[in-house]
Amino acid sequence: MSSSTTLTVADTITQSFLLACEKRGSAVALREKDFGIWRPTTWIQWLEKSKACAYGLHASGFRPGDVASILANTIADWVYADMGILCAGGVSSGIYPTDSAKQCIYLINDSKTKIVFVEDDEQLDKILSARTHCPSLEKIIVFDMEGLHEFHDPMVVSFDEFLALGRAHAKAHPELWDPMVSSRKADDMAILVYTSGTTGPPKGAVHTHKSVTCQMRHANDLFPQGERRERLVFLPLCHIAERIGGYYASVALGAVQNYGESPDTFADNIREVQPSQFLAVPRVWEKFYSGVMITLKDATKLEKLAYKWAINRGYKVAAHKLAGTSPGPLLATTNAIGQRLVLRNIRRLLGLDKTEFIVTGAAPISPDLVRWYLALGLNMHEVYGQTENCGVATAMPRERIKLGTIGKIVPWGEVKLSPQGEILLKGDFLFAGYLNQPEKTAETIDSDGWLHTGDVGEIDNEGFVKITDRMKDIIITAGGKNITPSEIENQLKFSPYISDAVIIGDKRPYLTCLIMIDQENVEKYAQDLNVPFTNYASLCRTKEVQSLIWSEIEKVNTNFARVETIKRFHLIDVQLTAEDDELTPTMKLKRSFVNKKYAPEIEAMYRTQAAA
């Protein structure tokens with residue numbers, strides 16, 4: 001189906017949503033799993049809820065241009081509230097559910113949030129402890145009141161009560177609707193997306209309706225799809241990837257959004273939904289791969305042989321695909337047999353058997369991992385973009401996959417390199433600047449309108465863009481050798497036993513590494529070998545686990561020059577979550593932070609000269 005017959009996009013997000021509801025009416029817009037049952041919501045029902053929310057906001061003194069924040073996991077209520085805020089003419093800001101009360105105070109005050117929507121009692125506790133420090137905050141709305149039925153506070157109201165207030169206000173003042181939904185124009189602020197704050201306090205990236213609808217308008221250009229395709233929306237909605245690529249793109253396309261029960265039920269939910277298109281970050285793709293590898297260790301000899309035979313055929317066909325050539329009849333036939341009889345079972349296990357294509361973005365991914373998914377029969381396309389350019393800026397073309405690159409610039413954008421090799425972007429998708437930080441904005445968008453991404457890269461003669469590293473992350477060893485840490489780190493993360501890694505070595509005589517293990521897979525490894533351990537820290541310290549990780553490092557070392565090899569490593573022996581300062585909300589180690597926090601451990605790796 002062509003984009004002209006599928007897309008519902010207007011000048012603002014609000015108008016686009018209303019157009020989608022008018023066109024699709026009683027068709028299913030989204031589903032949410034509740035008590036084991038997938039419950040559908042039509043476009044008309046979604047509109048009714050968001051309209052009631054908008055009126056509830058107006059009745060509470062909220063006016064066009066005011067800011068409301070949403071502190072919740074990826075649930076359907078998130079999008080009901082988000083569209084309600086936008087329909088009221090407001091600005092919608094997301095807060096990661098893993099953020100602490102202290103972080104919430106900063107975000108609420110920086111955005112001058114008037115109303116906060118929270119998921120449950122856990123999130124409510126954060127805001128209640130923060131509110132005395134937040135002078136702009138006037139009301140707190142709770143989606144899930146379980147455990148709060150006896151709780152009373154003049155500032156707090158349930159989402160159901162809030163919607164009832166809105167419906168009553170709408171009945172009394174029907175004339176308010178049109179002025180509210182038309183109050184914001186294309187160049188007005190629509191959403192705030194806060195960066196992860198790896199180099200200081202989070203910065204609020206201001207996106208106008210224009211920058212968001214620019215991406216919505218092109219949602220079908222790269223990978224055309226028809227209406228009512230199934231999507232699983234599971235990444236944090238306060239992150240630009242899911243908010244644009246999953247949620248707003250679905251509004252434009254008419255795709256059905258599926259919201260699972262909780263992050264813990266993700267594996268079951270994706271198998272049930274079997275999405276036709278799936279967007280995920282590299283950590284998810286790494287977990288899928290490592291899960292399959294660990295499962296194969298317990299397979300029968302016949303099952304292992306069958307997998308080896310089938311995946312080898314898949315790799316050979318993938319090599320042809322990457323080279324732009326066609327496999328011979330015999331290889332094509334044997335691969336089809338292997339796909340149907342063996343590899344399809346793995347795709348079903350992962351919940352990806354019905355996907356037309358899979359997309360990876362938000363962080364670098366190992367080329368070996370892309371190659372494995374291609375061998376598995378899944379077309380994986382890498383995309384690149386930043387919060388500041390509202391999602392996708394480059395994408396791997398459908399007709400050509402070039403490993404080691406992030407594809408080509410999207411047709412509605414521009415790319416070039418600065419004299420220093422920094423990747424620069426331009427287009428209507430660019431953000432309007434950082435809220436309350438004009439100096440940072442001026443550093444990021446130059447006087448000619450180019451966005452400075454902070455990524456160093458190359459553009460080849462075919463137009464494919466390659467990122468070599470972040471400008472600030474390039475390592476220059478004591479011997480003067482320039483080293484790109486991300487390339488080494490990505491290969492380490494291809495191991496099923498390594499969750500994340502940070503290479504150390506700037507102004508040092510050799511490279512070392514801080515490593516976070518994959519807890520589930522390493523625990524199984526230890527149990528299979530009857531290695532005694534009592535907790536996570538003791539697991540990391542066992543001789544067997546230390547040897548396991550060193551063997552994985554040595555495998556990676558063989559792919560690099562001697563000066564680029566890792567000589568020593570340290571396992572982070574504390575279980576980390578997104579609530580810990582070491583990790584971003586998307587579960588990536590903060591390079592600058594861990595360098596400081598683990599300075600003693602790093603120095604210890606350099607006190608004794610590693611073997612030459």
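The legends below describe close-up views of a predicted model. Residues are numbered from 1 along each chain as its sequence is written, and side-chain values use heavy atoms, with hydrogens and water left out. In this predicted model, local features need pLDDT of at least 70 and side-chain atom pairs count only at pLDDT 80 or more, while totals for chains, interfaces and linings use all residues.

**View 1. An open sheet of eight strands.** The strands follow the order β7-β6-β5-β3-β4-β8-β9-β19, and their pairing is mixed. Strands (E, at least two residues) and helices (H or I, at least four residues) are DSSP runs, numbered from the N terminus. Two strands pair if DSSP finds at least two bridges between them. At the edges stand β7 (156-158) and β19 (433-434); each has a single partner strand, so one side of each is left without a neighbour in the sheet. Within the sheet, strand β3 (residues 67-71) and strand β4 (residues 91-95) run parallel and are joined by five bridges. L71 has I95 of β4 as its bridge partner.

**View 2. Helices on the sheet.** Helix α5 (residues 101-111) lies across β3, β4, β5 (113-118) and β8 (189-194), and runs at about 155 degrees to β8. Helix α7 also packs on the sheet, where α7 touches β5, β6 (139-142) and β7. The direction of α7 makes about 85 degrees with that of β7. Axes are lines fitted to C-alpha atoms, for helices over the stretch in contact, and angles run from 0 to 180 degrees between N-to-C directions. Contact means heavy atoms within 4.5 Å.

**View 3. The crossing of α3 and α7.** The axes of helix α3 (residues 43-59) and helix α7 (residues 159-172) come within 7 Å and cross at roughly 80 degrees. The two helices are therefore roughly perpendicular to each other, a term for angles of 65 to 115 degrees. Residues making the contact include K49, Y55 and H58 of α3, and F162, R167 and H169 of α7.

**View 4. The hairpin of β24 and β25.** Strand β24 (residues 498-504) and strand β25 (residues 511-517) pair in the antiparallel sense over six bridges. A501 has I515 of β25 as its bridge partner. Six residues lie between the two strands of this hairpin, and in the turn K507 has a positive phi of about 60 degrees. Seven of the seven residues of β24 are buried, where buried means under 20% relative accessible area (1.4 Å probe, protein chains only).

**View 5. G457 and its surroundings.** G457 is in strand β20 (residues 451-459). At 8% relative accessibility, G457 counts as buried. Leaving aside neighbours within four places in sequence, G457 is in contact with L417, G421, I423, K466, I467 and T468. T405 is 52 residues from G457 along the chain, and their C-alpha atoms are separated by 9.6 Å.

**View 6. Helix α12.** Helix α12 (residues 282-297) has 16 residues and reaches 23 Å from its first C-alpha to its last, close to the 22 Å expected at 1.5 Å a residue. The expected span is 1.5 Å times one less than the number of residues. Among the buried residues of α12 are W285, F288, Y289 and M293.

**View 7. Cysteines without disulfides.** A search of the whole structure finds zero disulfides, a disulfide being a pair of cysteine sulfur atoms within 2.5 Å. For C21, the nearest cysteine sulfur is that of C87, 8.1 Å away. For C390, the nearest is that of C214, 8.0 Å away. C21 counts as buried at 1% relative accessibility, and C390 is buried with a relative accessible area of 0%.

How values were computed: Buried < 20%, exposed > 50% of the residue type's maximum accessible area, 1.4 Å probe, protein only. Parallel < 35°, antiparallel > 145°, perpendicular 65-115°, else oblique.
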